[in-house]
Amino acid sequence: MMSTDEHHALALDLGSSSVRAVLGSYRQGVISTEEVFRLRHQAVDDHGTLTWDLERIMDGARRSIVEVTERLGRLPDSIGIDAWGVDYGLLDVRGELLRAPRAYRDGRMARWAADLDRAISPEAAWRETGILSQQINTVYQLYADLRQEPDLVDRVDRFLPLPDLVAHLLGAPAEAGRAIASTTGLASPGARHWAPRVLEATGIPERWMPPLVDDATVAGTTPEGITIVRPGGHDTACAVHALGLRGDETRLFISSGSWSLIGAVVPHPVLDEAALRAGLTNEVRTDGGIRLLRNLTGFWLLQECQRSWDEPDTAALVKAAGERASLGVVIDPDDELFAAPGDMPAKIARWCRVHYAVEPEGPAQTVRLILESLACAHASYAQGLQDVVGDLLDPASPIHLVGGGARNSLLPAMTAAACNRRVVVGTPEASALGNILAQLEATGVVESASRGEVLRRSVRLVDVEPSDSIVDPSALDAMRERLLNATTG
């Protein structure tokens with residue numbers, strides 16, 4: 001049964017470049033969404049440390065509440081916050097922030113990562129947490145913090161993942177949702193509790209760690225009286241929630257944004273040797289299941305190119321890319337050369353010269369190269385997931401693609417061709433929609449069993465076949481083979 005009540009839910013969707021407020025209005029079984037506020041922000045260099053301007057982020061959060069209230073003529077019924085993973089805030093005993101949250105692209109972790117890997121090997125850490133060891137992970141960040149500032153042991157009273165920090169500053173208790181906690185590399189598989197062996201190895205005091213709570217639950221209220229919901233915390237958890245799948249369904253998905261998250265929706269953590277060898281990570285879904293996934297550099301490459309070109313019109317670039325001849329090669333999006341900001345077109349050209357003795361000519365061919373490279377990477381990782389999940393996943397089932405890539409006219413078709421399977425393109429607003437849906441479930445407006453029906457009423461899905469691509473599947477196969485040869489010698 002679906003409620004016929006009207007409900008207005010405010011999704012605060014925090015990205016690495018903007019604070020976005022999306023108003024979700026539920027009426028007669030249908031959710032409509034509207035972006036009502038956006039405030040640009042970015043990581044800033046604070047005396048050599050890359051940090052987030054939390055004051056600006058909180059200003060955006062509070063201004064979005066004002067904007068929505070003025071638009072509705074009343075307060076929204078609920079609010080939920082989602083953000084990227086791994087970053088956090090540290091509170092003192094008075095509940096005050098000790099310093100600006102540090103950004104995952106800050107370079108401090110590189111100095112101490114090898115020490116942490118000696119304290120607990122990446123393989124052992126994976127078995128304790130289900131999370132692939134990466135230097136951007138919270139565990140590496142906190143370890144570096146403690147090595148740089150040993151007195152933090154006594155100064156910190158509470159650690160909070162970023163979306164839970166924002167929720168706390170809006171009025172929620174200092175707790176952490178399981179989905180965002182699972183991205184830290186500090187929680188047990190499924191984030192039922194914090195991982196004691198990892199905490200001991202890193203020297204992170206257990207008393208820092210907040211209580212872990214289920215997502216899609218009410219967390220508290222703002223001073224104005226708005227219900228605060230924990231919607232999954234992590235933007236990809238919210239995006240996967242917007243697929244509307246049952247808890248026992250196994251499907252491939254791609255959440256396409258600055259990062260491409262390629263994963264399989266599975267009921268329980270997958271902790272066997274095949275998953276470990278494939279470099280897979282077990283992150284928690286909003287509904288408590290698992291996102292078994294790989295994290296791949298995504299539209300960060302294009303965004304950085306646009307910054308260098310001073311060209312904000314993504315649609316025009318993509319259109320021009322579709323009219324430009326393919327270079328016939330692809331790059332490895334995850335090469336460490338592309339991790340840091342700064343002159344991405346020159347980095348891509350240099351990578352191509354070194355590996356292929358060719359380089360793209362101009363923005364259009366560079367954009368086409370990026371899109372073909374992402375499609376080929378999607379195919380490689382999708383095959384790896386299929387191999388690990390095995391019979392749980394029907395090889396003829398489609399891949400669900402949501403997020404910013406759903407706006408792109410080329411990427412879904414190229415991905416379908418590279419993967420040789422149908423791609424179902426959902427909403428670009430998947431994170432916000434999943435956030436809103438979790439709010440409706442937490443407040444009793446929509447029953448969890450009706451989630452899929454509500455989404456089918458609310459979102460137009462588009463089927464893309466491999467034959468819809470401007471690139472022949474065999475050409476993409478050849479590019480993948482050439483990349484393998486170029487990178488393995």
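What follows is a chat about annotations, a pocket, cavities and aromatic pairs.

Q: Before we start, what kind of model is this, and how are residues numbered?
A: This is a predicted model, in which local features need pLDDT of at least 70 and side-chain atom pairs count only at pLDDT 80 or more, while totals for chains, interfaces and linings use all residues. Residues are numbered from 1 along each chain as its sequence is written, and side-chain values use heavy atoms, with hydrogens and water left out.

Q: Which residues does UniProt give for the feature "domain: Carbohydrate kinase FGGY N-terminal"?
A: The unreviewed UniProt entry places that feature at residues 9–223, and such annotations may be inferred rather than shown by experiment. Over residues 9–223 the chain is 34% helix and 26% strand, with the end C-alpha atoms 17 Å apart; helices (H or I, at least four residues) and strands (E, at least two) are DSSP runs, numbered from the N terminus.

Q: And where is "domain: Carbohydrate kinase FGGY C-terminal"?
A: According to the unreviewed UniProt entry, that feature covers residues 253–440, a stretch with 46% helix and 17% strand whose end C-alpha atoms are 23 Å apart.

Q: OK, pockets now: where does the second largest pocket lie?
A: The second largest pocket lies between domain 1 (7–230) and domain 2 (240–426 + 459–488), because both give residues to its lining; the domain bounds come from an automatic or database domain assignment. On a 1 Å grid over the protein atoms alone, a pocket is an open set of points with protein on both sides within 12 Å along at least five of seven lines, a cavity is a set where a 1.4 Å probe fits but cannot get out, and lining residues have an atom within 4 Å of a point.

Q: What is its volume, and which residues lie nearest its centre?
A: The volume of the second largest pocket is about 730 Å³, that is, the space filled by probe spheres set on grid points joined across faces, edges and corners. Of its 25 lining residues, Gln134, Gln135, Ile136, Trp259 and Ala339 lie nearest the centre, and helix 2 (109–119) and strand 16 (290–297) each supply at least two residues of the lining.

Q: How many cavities are there of 30 Å³ or more?
A: The search of the whole structure finds 4. The largest cavity has a volume of about 80 Å³, and among its 14 lining residues Ala125, Ser133, Val139, Tyr140 and Gly185 are the closest to its centre. Helix 3 gives the largest share of that lining, 3 residues.

Q: And the second largest cavity, what is its volume?
A: The second largest cavity has a volume of about 70 Å³, and its lining includes His241, Arg285, Asp287 and Arg451.

Q: Switching to aromatics, how many pairs does the search find?
A: There are 6 aromatic pairs in the whole structure, where rings of Phe, Tyr and Trp (its six-membered ring) pair if their centres lie within 6.5 Å, and planes under 30 degrees apart count as stacked, over 60 as edge-to-face and the rest as tilted. One of them is the tilted pair of tyrosine 88 and phenylalanine 159, at 5.5 Å centre to centre and 55° between the planes. That pair links strand 7 (residues 88–91) with strand 8 (residues 158–161), its two residues being 71 residues apart.

Q: Is tyrosine 88 buried or exposed, and why?
A: Tyrosine 88 counts as buried because its relative accessibility is 4%, where buried means under 20% relative accessible area, exposed over 50% and partly exposed in between (1.4 Å probe, protein chains only). Phenylalanine 159, at 0%, counts as buried too.
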